[in-house]
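Reader: I'd like to walk through this one with you, feature by feature. Where do we start?

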Amino acid sequence: MALRGLSDADGFWVVNHAANTAQTWSYEDIPLCLDRPGAVTVDAVRPHLVGPVTVTRAGVRTPDLPQLTVGHEPLPAAYPDAVGYRLVVACGAQPVPEIALQLRRTGSGSAAVDGLDVDYRADGRKAHSSFAVTIVLCDPTASASSTAPLTRCSG
């Protein structure tokens, strides 16, 4: 059994051109589903961080909860924590749960989450899946960067 979501071909970008330091920003729409009927339990959510950014919370938006307005707001308390979440939804079902990240820039310069790994347990075995998602928080006061994916902040 494997956890599925975004493939490399289905990855996506979110670019915020005015992410001020210490503001909370939240993003979801990172779908989670299983390649066949069964269950997995999430053990860890490991974002790939570039620049001065921290993820302050990883949650799950279950299909029964309203979607966020992407942007400057914390994750709702009703979103369960991602770690420990038990997923039982097979791909093809609609809608599916989504990973949601709450993050903030912690210093000067643009920053990003450039990929996401999810560790989980299925049938008593440990495994992980990688997600091709990039969330860029641009420093509105900084000059353009030549570091990928931060080049998206120019223009």
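Author: Start with burial: a residue counts as buried when its relative accessible area is under 20%, and as exposed when over 50%. Keep in mind that this is a predicted model.

Reader: Okay, so is Tyr-120 buried or exposed?

Author: Its relative accessibility is 3%, so Tyr-120 counts as buried. You'll find Tyr-120 in strand E9. Tyr-85 is 35 residues away from Tyr-120 in sequence, and their C-alpha atoms are 9.4 Å apart in space.

Reader: And what percentage of the protein chain's residues count as buried?

Author: Of its 155 residues, 46% do. The accessible surface is about 7,300 Å², with 49% of that belonging to carbon and sulfur atoms.

Reader: How many helices and strands does the protein chain have?

Author: There are zero helices and ten strands. Among the contacts with a separation of 6 or more, 77% are between residues 24 or more positions apart.

Reader: How should I read the sheet, then? In what order do E3, E6 and E8 come?

Author: The general idea first: strands of a sheet pair through backbone hydrogen bonds, either parallel or antiparallel. Here three strands make an open sheet, ordered E3-E8-E6, with antiparallel pairing. E3 and E6 are at the edges with a single partner strand each, so one side of each has no neighbour in the sheet. From one strand to the next, the twist averages 25°.

Reader: How many bridges join E6 to E8?

Author: Eight, and the two run antiparallel. If you want a spot to look at, find Gly-59, which stands opposite Ala-100 in E8.

Reader: Now the core. Which residues touch the most other members of the largest nonpolar core?

Author: Leu-101, Leu-103, Leu-116 and Ile-135, out of 32 residues in that core. Several elements give it two or more residues, including strand E3 (25-31), strand E5 (40-50) and strand E10 (125-137). E9 gives the largest share, six residues. There's also a second, separate core of six residues, which includes Ala-112, Val-136, Cys-138 and Cys-153.

Reader: What is Leu-101 in contact with, beyond its neighbours within four places in sequence?

Author: Its partners include Trp-25, Tyr-27, Ile-30, Val-45, Val-55, Leu-75, Val-113, Leu-116 and Ile-135. Arg-57 is on the list of contacts too.

Reader: Arg-57 brings me to charges. Which residue meets the side chain of Arg-57 in a salt bridge?

Author: Asp-81, at 3.3 Å from N to O. Arg-57 is buried because its relative accessible area is 18%, whereas Asp-81, with 48%, is partly exposed.

Reader: What about Arg-36: which residue does it form a salt bridge with?

Author: Asp-123, with the closest N and O atoms 3.9 Å apart. Arg-36 sits in the loop between E4 and E5, and Asp-123 in the loop between E9 and E10, so this pair links parts 87 residues apart in sequence. Arg-36 itself is partly exposed, at 38% relative accessibility.

Reader: And are Arg-105 and Asp-139 buried or exposed?

Author: Both are buried. They form a salt bridge too, with the closest N and O atoms 3.5 Å apart. Arg-105 lies in strand E8 and Asp-139 in the segment after E10, so parts 34 residues apart in sequence are tied together.

How values were computed
Residues are numbered from 1 along each chain as its sequence is written. This is a predicted model: local features need pLDDT of at least 70, side-chain atom pairs count only at pLDDT 80 or more; totals for chains, interfaces and linings use all residues. Side-chain values use heavy atoms; hydrogens and water are left out. A nonpolar core is a set of buried Ala, Val, Leu, Ile, Met, Phe, Trp, Tyr and Cys residues joined through side-chain atoms within 4.5 Å. Buried means under 20% relative accessible area, exposed over 50%, partly exposed in between (1.4 Å probe, protein chains only). Helices (H or I, at least four residues) and strands (E, at least two) are DSSP runs, numbered from the N terminus. Contact means heavy atoms within 4.5 Å. Two strands pair if DSSP finds at least two bridges between them. Axes are lines fitted to C-alpha atoms, for helices over the stretch in contact, and angles run from 0 to 180 degrees between N-to-C directions. Accessible areas come from the Shrake-Rupley method with a 1.4 Å probe; for residues, only the protein chains shown count as cover. A salt bridge is a side-chain nitrogen of Lys or Arg within 4 Å of a carboxyl oxygen of Asp or Glu.
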